[in-house]
Amino acid sequence: METSFWPLAAVLISLLGAIPIVLSDRRPNLREAWTVLIALGKFAIVASLLPSVLEGGGCRFTLAEVVPGVPIALRVDAMGMYFALVASFLWFCTSVYSIGYMRALNEHDQTRYFASFAVAISATLGVAFSENLLTLYLFYEMLSLSTYPLVTHKQDAEARSAGRKYLTYLLGSSVALTLPAMILIYTMTGTLDFTVGGILAGKADASTASILLVLLVFGFAKAAVMPLHGWLPAAMVAPTPVSSFLHGVAVVKVGVFSILRIVFFVFGTGLLADLNLGAVLTALASVTIIGASLVALTQDNLKRRLAYSTIGQLSYMILGAGMLTEAGMTGGLLHLSMHAFGKITLFLCAGAIYVAAHKSNISEMDGLGRRMPVTYAAFFLASLSIIGMPPLGGFLSKWSMVVGAIDGGRLVLVAVILVSSLLNAAYFFPIVYRGFFARDAEDGGEGGIREAPVLCLIPLGVSALFCLVLFLWPTLALQLIQRVVSP
Amino acid sequence: METLLDEIVAKYNYWIYVVLMMIGFYAMIGKSNLVKKLIGMNIFQTAIILMFISAGVKKGGGIPILDKQAVLERGVEAASIVNPLPHVLMLTAIVVAVSVTGVALAILQRIHGQFGTLEEDEILEKIER
Amino acid sequence: MSFLNLHMYGLTAPLVGAMLLYAAGRLGSRITLPIVFGSLSISLAASVLVFAEVLHVGPFSYTVGNWEPPYGIELVVDHLGALMILLISSVSLAAALSSSRSVAADLHERRRPFFTLYLILIAGLYGLALTGDAFNLYVLLEITSITTYGLIALGRGRAALSSFNYIVMGSIGACFYLLGIGYLYILTGTLNMADLHRIIPLLDGRGAALATAFAFLMVGLWIKMAFFPLHVWLPNAYTDMPDGAAVLIAPLMTKVTIFLMIRVMFSIFSPVYEFIQHMGVQQTIVGVAAVGIVCASAMALGQRDLRRMLAYIIIAEVGYMVGGLWLANAKGMTGAILHIVNDALMTLCLFLAAAAIAHRCGGMEFDRLQGLTRRMPLTMAAFIVGALSMIGVPPTCGFFSKWYLLLGGIEAGQWLYVGALIFSSLVNAVLFFRIIEIAFFPAAAAGDHGGGPQTVREAPQAMLQPLLVSAAALIGVGLATGPIVERVVRFALPVGF
């Protein structure tokens, strides 16, 4: 694998980009120009690395040799590329949306907001391109810390307690669970590199491996596996673009991505199958899927409902991987992008509703769909995708997971997926129904069209469209996933 | 019992130092008057200095100033002179002890100026208030 | 080989500087700072050259006044010593820059005596890193201690009393050390470390006396380094001393004493003596270290003053290093030695930040810190880097020494110690994020500001710049951990590891 500076550039561009953003504090237009420019540049760099990955190549870069056998190093492989493409593309959408949102609401401290955002996306790409567990841990922690100012952006008492919860869960779990697990793995194997087929095979017995697996699944608390999910609904006090991108895509997907990384490249599916540890993953995931969906039904605050929906959907990906069949793993990985596009659209719609109508509770949103048809149409499409209806992307991933469950002879998992999909429908459809058909108490729906600013509408339209596009042309995603699942 | 007694008698000087040290140690820990603590500290240091000096002494040993002529003719008879090195070292140790005492006294003066007393419990009471 | 003398220049420069300062200082206060920075720069330059020389050529020694050892005093420059003098001289130069401002504000007319003591202290520390003579070590230890007593007493409020209590405890420690040396001298007839190292294994049948000597030496040093439960003097002393002194004393004193423990353990005695002939002791000490880490971290949780909290963290960190050294394996020792460097740097960073904050806010009670990220963004950024290093977040250096310590703990099967390290990391996370949270949120009573931007008012450049450099060093040293371990620490381990 050739050494190249580009993986580092992909990570660093937004980290260094935070500097001009901070420096142009007093000139908002210039600052926003920087943000968009950096987002575009980032996506361009990631996209330029794609061809070599598709050919089976890739590239790597060693930053520093810190511990014998464990450098801080970046590597672009199929799995990382898949995640990086999704994240950097959606960051671009969110950046545009952020500008519209923050200006429309006349928010304070916009410079800090955009700078922290830039650092966070750097950390996300760092996780995607990590060559070993230590590097991944480094960027994982960086992501937790850089998103703290975003979560507590409002700086009131609620934000304070949410921020405290956020860091307690994320930092506490990573120091208390991930770090010891990582050191144990290093003691046993002498390496932390992500290797095809895993590094623990033949080095860990059943009990050690299962302890490590549990430590790591809960240690990566960003994946919000119950009972370590409480931070995600709390983090919804953040401005909506933060919730949409970070808590719909970057932060939570980093958690899942980390778990999938260790499943595929540290334990290895072979070892998990031999020790029958896939059941641990699927059991934890199933409980979370059903539990979170039930809780979501009871939430009236739209963003909190979406948050619980996210918790459930994240566990789908773990469920898919835990099936340890090719179709199941494909479905799990595919769901990573399908859910990303769907959930970000939903959050962006929630933000657009807040900007245009200043409403955040579902019970107040009667008749709103008639005034915001574009937003509600996008919301409808995205919720269909999450539920798993054709012709939208979510159908493909759920279908693949069902096939995987049947292949593995685990009919109970099929039931979990079906029940959860019904529950998804039960908590999404009322929102859409109320929006279009319920009578508005305020003005009887006579207010005409009052959409959010166009800078907000375009990104959510684009991401909603992608839910459809991914159903029709999932080739690229499948190609990348193919390289991960059957190397 | 007999042998223990013999042991104590034979090395009585060392036992005296141990007793001195304990007295000093008690004063440093147990007394609440800061000057008494300081005196305890001095007793403690003196006991250690005495121990070093005893270690250098030999029965019937003379002063370690040698006549060059005699040494060249007959060589040094180590048993006839005391070991000067511990004594020299203790000069340094005394200097250290004196400096520490000096600093401590200066600080005690400041404490007295600040609080008007040198009883530790009274000072703590004043700080609390 | 002109290099043979370089470390002497590094040692004497601050000493001569101190004398010059005291003698010529009467002429006017304008020459104070040039003398201080001049002598410290010479010292730093010499250390850098000596360090480079040791890396290329290897350890060498120097006999002061040409008196051959074992009679004369020998200075030994080995990998560990060279690392220590580099650490001491760079930390002291950075600290002096910051002190020059805080002393001007706090101690106006007493600036000259302050810097005189300051330079003597640095010379003493420098000497401690180099000396190859057990008695000389005692003298230098007392030189550093006496100057520290003086510097602490310059503080406000309760400082004089804290200083006196430190004198009492410190003297007990020094006397114990002296007693141990006395025993060793009676047993061996020499005070040169290399000589002692050679003779001690030959002493058959004097095990009890030797063990007594070793115990006295250890307990003496433990008191000086504030190893739990002998730490009682430290929190008051470190809280009450002037800011200008804290930035120097807090990073260096305990760390240099731990270095002295390494000297006693491996240069005078040997790993065979400690770890093979007396196996049970090792278990006990690691256990005590673990308990100390947990207790000190728990006590830090109860503090409402930034510097007092940092003082308790220092006590916990002492437990890290003592425990790591007594794990008796290469990884643990590597971690401990690495942690000496890292802990010095992160303590420096945090105390520099604390000094800068105190300079602007007038104190370090938590209530005063509200809204500080807005008022002093750069200071807080550096503080956060220091905090992350204390918690152990990569790529700051604190993570890597903790990594080695944990590896060593696992290898030795000391699960209590491993648990204590993780517990303390978690507590540190709580401690520092509590402060960051206070600093990040504006004061509750700031109604008139309306959440609008408050004016940025950073600390003066002389305090800010060393702070930023030290924060950058935390990341730089962290990324350079590999080469540091490969080229320096590996050679600093005792033979056989």
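In the predicted model, chain A and chain C bury about 2,800 Å² between them, 76% of which comes from carbon and sulfur atoms (buried area being the accessible area, with a 1.4 Å probe, that two parts lose on being put together, summed over both). Gln155(A), Arg160(A) and Ile183(A) supply 21% of the area that chain A buries against chain C, more than any other three residues. The contact, defined by heavy atoms within 4.5 Å, involves 34 residues of chain A and 27 residues of chain C.

Two salt bridges (a side-chain nitrogen of Lys or Arg within 4 Å of a carboxyl oxygen of Asp or Glu) cross this interface. In one, Arg164(A) is joined to Glu437(C), with the closest N and O atoms 2.5 Å apart. On the side of chain A that touches chain C, two or more residues each come from strand 2 (59-67), helix 5 (133-151) and helix 6 (157-189) of chain A; helices (H or I, at least four residues) and strands (E, at least two) are DSSP runs, numbered from the N terminus. Helix 6 of chain A gives the most, with 15 residues.

Strand 2 of chain A pairs with strand 3 (residues 70-75) of chain A in the antiparallel sense over six bridges, pairing requiring at least two DSSP bridges between the strands. Within this pair, Phe61(A) stands opposite Leu74(A).

Residues are numbered from 1 along each chain as its sequence is written, and chains are lettered from A and ligands numbered from 1 in the order in which they are written. Local features need pLDDT of at least 70, side-chain atom pairs count only at pLDDT 80 or more, and totals for chains, interfaces and linings use all residues, while side-chain values use heavy atoms, with hydrogens and water left out.
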